[in-house]
Amino acid sequence: MSKGNSLHKRRGTADSEKKQIKNRINDARLVEQGSLWRRGALITCLLVVSAVVPWVVIMFFRSTGDQITTFASADNIVKRAVQEILCSKDYDNEEFSECKPKHCRRVVMDNLVSEEEAAYLLGIAKKGLQFGGSSGGASILDLHSGALSKGDKFVNIYQVLDEMHENVFTKNDFDIYREVKNKIHQAIAKEFKIPLSKLYLTKPTFFSRMNTIEAKTMHDEYWHPHVDKVTYGSFHYTSLLYLSTYGRDFSGGRFIFVDTDSNKTVEPRIGRVSFFTSGSENVHYVEKLEDGVRYAITISFTCDPQKAIDDPGI
Ligand SMILES: *[C@@H]1O[C@H](CO)[C@@H](O)[C@H](O)[C@H]1NC(C)=O
């Protein structure tokens, strides 16, 4: 009996030990589950934070203004910067298969035209513009047609000069003008793989001067987004040669491509050439000038031989 008793006792002890061990295992499991749960919560937290923080940052910057990406800064010399874009359908029903854009893009080149050449052309622009000038903030001088802004309309500079018995433009002026135009013509033909003889200079090709004077006529309102192919009809490729520099000669006045994701800016820089296909893939505008004076030349090209124009000269 006592044997049996002690056996019972021992079994009882063994049972309680087993129970204790079981409890300890359960506790450990609970601790482990707790730490698993905490780890899960932490990971979830991190995931939520890493998803939400960039969103908040993006929304913050969105709310502070439009999305703008600098495509070409005035501070950097760009050998050749290219941005590919999907062509609009604007060219689909046109002939000129050797010339019309097959791929569309925007290109910026700082080494095509030298700063000296640009400075020389700036001198030509100033010489001509002193005989006119818009009453609003934007003036043009077109050496091909002779169109010169004057007050709220246009006069013909060659006629004005004739009447005044003035002779301001030299053969050298027209030589440099033509050489620079030819370089840009060749660069566009090369970039878009067009035989040079199938791409023609077209009108209007003109110097522009912008300042901060308030607009008086619609000709002064350069800041509306537009499509060159619509505004000017004949354009297939638009080029711009800048004769002054953003941040040095003027502020505001950046060139802006309007895109759905983010707008892209080209900051003018003396000697910088920017060219692009003229269709609705390249909606653009120039920001309102805030300070200073901005000079550029718009040099335009067409695939239509009937819209071709000649070089100016004397
Ligand atoms: C781009 O500019 C246009 C015209 O100023 C503006 O309406 C548009 O919101 C801008 N786009 C983006 C993505 O910021």
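## Basis

Residue numbers start from 1 along each chain, following the sequence as written. The model is predicted: local features need pLDDT of at least 70, side-chain atom pairs count only at pLDDT 80 or more, and totals for chains, interfaces and linings use all residues.

Helices (H or I, at least four residues) and strands (E, at least two) are DSSP runs, numbered from the N terminus. A residue is buried if 20 or more other C-beta atoms lie within 10 Å of its own, exposed if 12 or fewer, and partly exposed in between, with C-beta atoms placed from the backbone.

## Helix α4

Helix α4 covers residues 171–191. Its 21 residues should span 30 Å at 1.5 Å a residue, and its end C-alpha atoms are 30 Å apart, which agrees. The expected span is 1.5 Å times one less than the number of residues.

The buried residues of α4 are Asp173, Tyr177, Val180, Lys181, Ile184, His185 and Ile188. They fall within an arc of 145 degrees seen down the axis, so they line one face of the helix. The arc is taken from the directions from the helix axis to the C-beta atoms. Lys171, Asn172, Asp175, Glu179 and Lys190 are exposed on the face turned away from the buried side. The buried residues pack against α2 (115–129), β8 (200–210), β9 (237–242), β13 (273–277) and β16 (294–302). Contact here means C-beta atoms, placed from the backbone, within 7 Å. Just after α4, Lys193 has a positive phi of about 55 degrees.

## Helix α2 and the cores

α2 has 15 residues and reaches 21 Å from first to last C-alpha, close to the 21 Å expected at 1.5 Å a residue. Ala118, Leu121, Leu122, Ile124, Ala125, Gly128 and Leu129 are its buried residues. They cover an arc of only 160 degrees around the axis, which puts them on the same side of α2.

The largest nonpolar core has 48 residues. Such a core is a set of buried Ala, Val, Leu, Ile, Met, Phe, Trp, Tyr and Cys residues joined through C-beta atoms within 7 Å. Leu121, Ala125, Leu141, Ile184, Leu241 and Leu243 have the most contacts inside it. α2 gives the most to this core, with six residues. Apart from it lies another core, of six residues, among them Ala74, Met210, Tyr246 and Phe250.

## Strand β3 and its partners

Five of the six residues of β3 are buried, so the strand is largely enclosed by the rest of the structure. β2 and β3 run antiparallel, joined by five bridges. Strands pair if DSSP finds at least two bridges between them. Gln83 stands opposite Arg106 in β3. Four bridges join β3 to β13, also antiparallel. There, Val107 has Phe275 of β13 as its bridge partner.

## The loop at His103

His103 lies in the loop between β2 (81–85) and β3 (104–109). With 12 C-beta neighbours inside 10 Å, His103 counts as exposed. His103 touches Glu84 and Cys87, leaving out residues up to four places away in sequence. His103 and Cys87 are 16 residues apart in sequence, yet 6.2 Å apart in space, C-alpha to C-alpha.

Conventions:
Contact = placed C-beta atoms within 7 Å.
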